[in-house]
Structure formats: C-alpha cells, structure tokens
Amino acid sequence: MSTRAKIAIGGVAVGLLLIPFIGFWMSLLVVLGVPAVAYLMLDPSQRRRLKRITRKEIGR
C-alpha cells in the first residue's frame with residue numbers, strides 16, 4: 001500500500017473518531033476532504049492510470 005493511500009485511510013479513520021468531539025458535519029468534511037486532497041496530490045499520469053483501471057483492479 002502506498003504512503004498516500006495510508007494517509008487517506010488514516011484521515012477517514014480520524015474523521016470517524018472525531019464525530020463525538022467536533023460534530024457530524026465537521027467530521028464529514030474530514031472524511032470526504034482527505035481522500036479528495038489525496039487524489040488531487042497525484043501526478044497527472046497517476047490520475048490517468050487510476051481512471052483507466054477498473055475498481056476491481058484497484059484492490060490488487
């Protein structure tokens with residue numbers, strides 16, 4: 001698993017853990033924002049490759 005994937009998963013986990021402390025809407029922003037930022041950090045060639053492969057192939 002790549003470092004960026006680990007960061008995205010960690011951001012989602014942190015967002016879910018923060019629900020009782022910062023409220024639902026702010027934690028939802030973290031849960032949706034971290035993977036979006038991780039996607040935007042990819043190089044254009046990596047984004048093209050990610051769009052080209054199917055969802056089934058992403059997990060391997």
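**Overall fold**

The model is predicted, not experimental. The chain holds 5 helices and 0 strands. Read along the sequence, the pattern is α-α-α-α-α. Of the 60 residues, 12% count as buried.

**Helix α3**

Helix α3 runs over residues 24-40 and has 17 residues. From its first C-alpha to its last, α3 reaches 24 Å. That is close to the 24 Å expected at 1.5 Å a residue. The helix does carry a kink, of about 25 degrees, at G33.

Three residues of α3 are named as buried: S27, V31 and A38. What covers the buried residues of α3 includes α1, residues 3-17, and α2, residues 19-22. An α-helix has 3.6 residues a turn, so residues three or four places apart point the same way. S27 and V31 fall in the list of buried residues of α3, and both also take part in the contact with α1.

**How α1 meets α3**

How are α1 and α3 oriented to each other? They pack at an angle of about 175 degrees. Angles over 145 degrees count as roughly antiparallel, and α1 and α3 are therefore roughly antiparallel to each other. Their axes lie 7 Å apart.

On the α1 side, the contact is made by R4, I7, A8, G11, V12, G15 and L16. On the α3 side, it is made by S27, V30, V31, V34, P35 and A38. By class, this contact has 9 nonpolar, 3 polar and 1 charged residues.

| Pair | Separation along the chain | C-alpha distance |
|---|---|---|
| A8 and V37 | 29 residues | 8.5 Å |
| V34 and V12 | 22 residues | 7.0 Å |
| I19 and V30 | 11 residues | 10.0 Å |

A8 lies in helix α1. Is A8 buried or exposed? The cut-off for buried is under 20% relative accessible area. A8 has 15% relative accessibility, so A8 counts as buried. Leaving aside neighbours within four places in sequence, A8 is in contact with V34, P35 and A38. A38 is itself one of the buried residues of α3.

V34 is found in helix α3. Its relative accessible area is 24%, so V34 is partly exposed. Which residues does V34 contact, leaving aside its neighbours within four places in sequence? They are I7, A8 and G11.

I19 lies in helix α2. With a relative accessible area of 34%, I19 is partly exposed. Not counting residues up to four places away in sequence, I19 touches F24 and S27. S27 is buried in α3, and α2 is included in what covers the buried residues of that helix.

**In brief**

How values were computed. Residues numbered from 1 in each chain as written. Predicted model: local features only at pLDDT ≥ 70, side-chain atom pairs only at ≥ 80, totals over all residues. Heavy atoms only, no water. Helix = DSSP H or I, 4+ residues; strand = E, 2+ residues; numbered from the N terminus. Expected span 1.5 Å × (residues − 1). Bend = angle between axes of the 7 residues up to and from the residue. Buried < 20%, exposed > 50% of the residue type's maximum accessible area, 1.4 Å probe, protein only. Contact = heavy atoms within 4.5 Å. Axes fitted to C-alpha atoms, helices over the stretch in contact; angles between N-to-C directions. Parallel < 35°, antiparallel > 145°, perpendicular 65-115°, else oblique. Nonpolar A, V, L, I, M, F, W, Y, C, P; charged D, E, K, R; others polar.
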